[in-house]
Amino acid sequence: MLFLFLGRPRMTSKMLPHSIYMSRDRTTMINGLFIWLVFVRHMLAYKYNVPEIDQPIKWLNTQTGQLIVAPFFFFSGYGIMISLQKKQSEYAKSLLFKRFPSLLLQMTVAVSAFWIVQRYYGFHANVERILLSFIGWSTLGNSNWFIYITLSSYLIIAFSYILFKKAGNFTVVSSVAVMQLILMYYTHDVGGRGAYWIDSCLCIPAGMLFCLKHDYLERLLSNIPVPVWIFSIAGVILAMIMYWLPCMNGYTKNIPCILFALSICMFFSCVSFAKHPNFLSFLGGAGLFYLYIYQRIPMLIGVNEGWNKSPYLYELICILITFVIAKCLTKENNNK
């Protein structure tokens, strides 16, 4: 509703210029929509009585699986590739010495907050579990796997670029894809983590590849006398069908996840706005980490305090507290 009210979007028959539909404002806006699907997904895990009016979005969440996180990884890969093209080795080093330690520090602070809340309600964890939670391998009730994959991907992309930059960007992307597969193997097959830890990882190198080869796809679509948004909707539906096929596993589900992310990207390439919804860009940009990582704190408190006995109140309190936390922490981070 906020998306429709703030942006007043309308469909166009042709794709917008690449510099517009893949701009940071656009991609963060899309993330700003999907972060609330993630919010609902996490809230459903606390098994409260979902209000009747929210049943459709509950149904949507059950149908999409891990597809809802695919755009985050896809746009992240795209943005990183843009930065590597512009800043080259300087940006690769910043992934190692700036973005990786910064995210690790933010995760450490967040896990500490979860530890305090959990201790208050009588939960105890050993030192090993706490330390492993800092890198996302374990959890104290916080969301973890997404941060673990992101931290690992920063290292993979940085080392791939440093090692293969002279061979060209396509070789770098190929290296990232291979190393992601190795990471997936050790995470799932050796480490015993669930399939959902790995079934969208390849969206990162897919986003990087799209950054390099988007012009080929755009030329192909521009020659088809059918609006691109129709193909995009068909792609989303096909991805949802493929994702749940019995033959799909944690590795092969990356295919529908990539298709889903690309289809979402192409759909919004045909959407123009009367006014850009900056509020959603904040939610999917500067506020994204805080919205994602801290949203479970009010959910945990609410379950222990009995807020979930009143579903509407539970939803409202969790939404407001999560937003206030994100807004305050974003402001504090900007002031540093």
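Student: In this predicted model, does A113 count as buried, partly exposed or exposed, and what is the relative accessibility behind that label?

Tutor: A113 has its place in helix 6, where it touches Y294 and I297 once residues up to four places away in sequence are set aside. Buried means under 20% relative accessible area and exposed means over 50%. The label for A113 is therefore partly exposed, its relative accessibility being 23%.

Student: How many Å separate the C-alpha atoms of A113 and L217?

Tutor: Along the chain, A113 and L217 are 104 residues apart.

Student: Which residue forms a salt bridge with D215, and how far apart are the closest N and O atoms?

Tutor: The cut-off for a salt bridge is a side-chain nitrogen of Lys or Arg within 4 Å of a carboxyl oxygen of Asp or Glu, and by this rule the count comes to one salt bridge. D215 and R219 are four residues apart in helix 10 (residues 203–222), so that about one helical turn separates them. Both residues count as partly exposed, D215 with a relative accessible area of 28% and R219 at 44% relative accessibility. The partner of D215 is R219, and the closest N and O atoms are apart by 3.8 Å.

Student: Is T64 buried or exposed, and at what relative accessibility?

Tutor: T64 lies in helix 4 (residues 55–64), and, leaving out residues up to four places away in sequence, it touches R41, M240, Y243 and W244. Because buried means under 20% relative accessible area, T64 counts as buried, with a relative accessibility of 5%.

Student: Which backbone oxygens does the side chain of T64 approach, and at what distances?

Tutor: One of them belongs to L60, whose backbone oxygen lies 3.0 Å from a polar atom of the T64 side chain. The side chain of T64 also reaches the backbone oxygen of N61, at a distance of 3.3 Å.

Student: Which two residues touch the most other members of the largest nonpolar core?

Tutor: The largest nonpolar core holds 104 residues. I147 touches L103, M107, F289, Y292 and I293, not counting residues up to four places away in sequence. The two residues that touch the most other members of this core are L84 and I147.

Student: What is the phi of Q88, and where does Q88 lie?

Tutor: Q88 lies in the loop between helix 5 (70–87) and helix 6 (89–120), and counts as partly exposed at 46% relative accessibility. A positive phi is likewise found at R8, near 45 degrees, in the loop between helix 1 (2–7) and strand 1 (9–11). For Q88, a residue other than glycine, phi is positive and near 55 degrees.

Student: With which residues is S138 in contact, leaving aside its neighbours within four places in sequence?

Tutor: S138 has its place in the loop between helix 7 (127–134) and helix 8 (145–164), and it counts as buried at 15% relative accessibility. With those neighbours left aside, S138 is in contact with R129, L132, S133 and N144.

Technical notes:
Residues are numbered from 1 along each chain as its sequence is written. This is a predicted model: local features need pLDDT of at least 70, side-chain atom pairs count only at pLDDT 80 or more; totals for chains, interfaces and linings use all residues. Side-chain values use heavy atoms; hydrogens and water are left out. A nonpolar core is a set of buried Ala, Val, Leu, Ile, Met, Phe, Trp, Tyr and Cys residues joined through side-chain atoms within 4.5 Å. Buried means under 20% relative accessible area, exposed over 50%, partly exposed in between (1.4 Å probe, protein chains only). Contact means heavy atoms within 4.5 Å. Helices (H or I, at least four residues) and strands (E, at least two) are DSSP runs, numbered from the N terminus. A polar contact is a pair of N or O atoms within 3.5 Å; within protein, one must be able to donate a hydrogen and the other to accept it, and residues adjacent in sequence count only if both atoms are side-chain atoms.
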